[in-house]
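Hello,

Here is the structure you asked to look through. My notes on it follow below.

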Amino acid sequence: MGHTGTPLLDRIRQRHTEVNELAATGMSLAATGRRLQLDRKTVRRYRDKDLAGLLASAQDRGHGVLEPFMK
């Protein structure tokens, strides 16, 4: 794909793709969640929000309590 970023951002890209591919087949939220081992609410978020919004949300969170130690 050629994307660069953190493992978190890479995982978001992958999950967004997987959720939307399964949604396109008509698979339910619950079935998609079972298949991908995600909560159905998480599946809904990945299905309903565009990739740019998901990535921006993850980047806004930062590193939390570990941030001072990550240099």
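T32 sits in helix α2, which spans residues 29–36. This is a predicted model, and the values given here are computed from it. The relative accessible area of T32 is 2%, which is under the 20% limit for a buried residue, so T32 counts as buried. Setting aside neighbours within four places in sequence, the contacts of T32 are V19, L22, M27 and V43.

Two packed helices are described by the angle between their axes and the distance between the axes. For α2 and α3 the angle is about 105° and the axes are 8 Å apart. That angle falls in the range of 65 to 115 degrees, so α2 is roughly perpendicular to α3. On the α2 side the contact is made by L29, A30, T32 and G33, and on the α3 side by R40, V43, R44 and R47. By class, the residues of this contact divide into 3 nonpolar, 2 polar and 3 charged.

T42 is another threonine to look at, and this one is found in helix α3. T42 has a relative accessible area of 19%. Because the limit for buried is under 20%, T42 is classed as buried. Between T42 and R15 the C-alpha to C-alpha distance is 10.0 Å, with 27 residues separating them in sequence.

Next, the core. The largest nonpolar core has 10 residues: L9, I12, V19, L29, L38, V43, Y46, L54, L55 and A58. Three helices each supply at least two residues of this core, namely α1 (7–24), α3 (40–48) and α4 (51–61). V19 and V43 are core members and are also among the contacts of T32. L29, likewise in the core, takes part in the contact between α2 and α3. As for A58, not counting residues up to four places away in sequence, A58 touches L8, L9 and I12; of these, L9 and I12 belong to the core as well.

Some totals to finish. The protein has 4 helices and 0 strands, in the order α-α-α-α along the sequence. Of its 71 residues, 24% are buried. Taking contacts between residues at least 6 apart in sequence, 51% join residues at least 24 apart. The protein exposes about 5300 Å², and 52% of that comes from carbon and sulfur atoms.

Regards

Methods
Residues are numbered from 1 along each chain as its sequence is written. This is a predicted model: local features need pLDDT of at least 70, side-chain atom pairs count only at pLDDT 80 or more; totals for chains, interfaces and linings use all residues. Side-chain values use heavy atoms; hydrogens and water are left out. A nonpolar core is a set of buried Ala, Val, Leu, Ile, Met, Phe, Trp, Tyr and Cys residues joined through side-chain atoms within 4.5 Å. Buried means under 20% relative accessible area, exposed over 50%, partly exposed in between (1.4 Å probe, protein chains only). Contact means heavy atoms within 4.5 Å. Axes are lines fitted to C-alpha atoms, for helices over the stretch in contact, and angles run from 0 to 180 degrees between N-to-C directions. Angles under 35 degrees count as roughly parallel, over 145 as roughly antiparallel, 65 to 115 as roughly perpendicular and the rest as oblique. Ala, Val, Leu, Ile, Met, Phe, Trp, Tyr, Cys and Pro count as nonpolar, Asp, Glu, Lys and Arg as charged, and the others, Gly among them, as polar. Accessible areas come from the Shrake-Rupley method with a 1.4 Å probe; for residues, only the protein chains shown count as cover.
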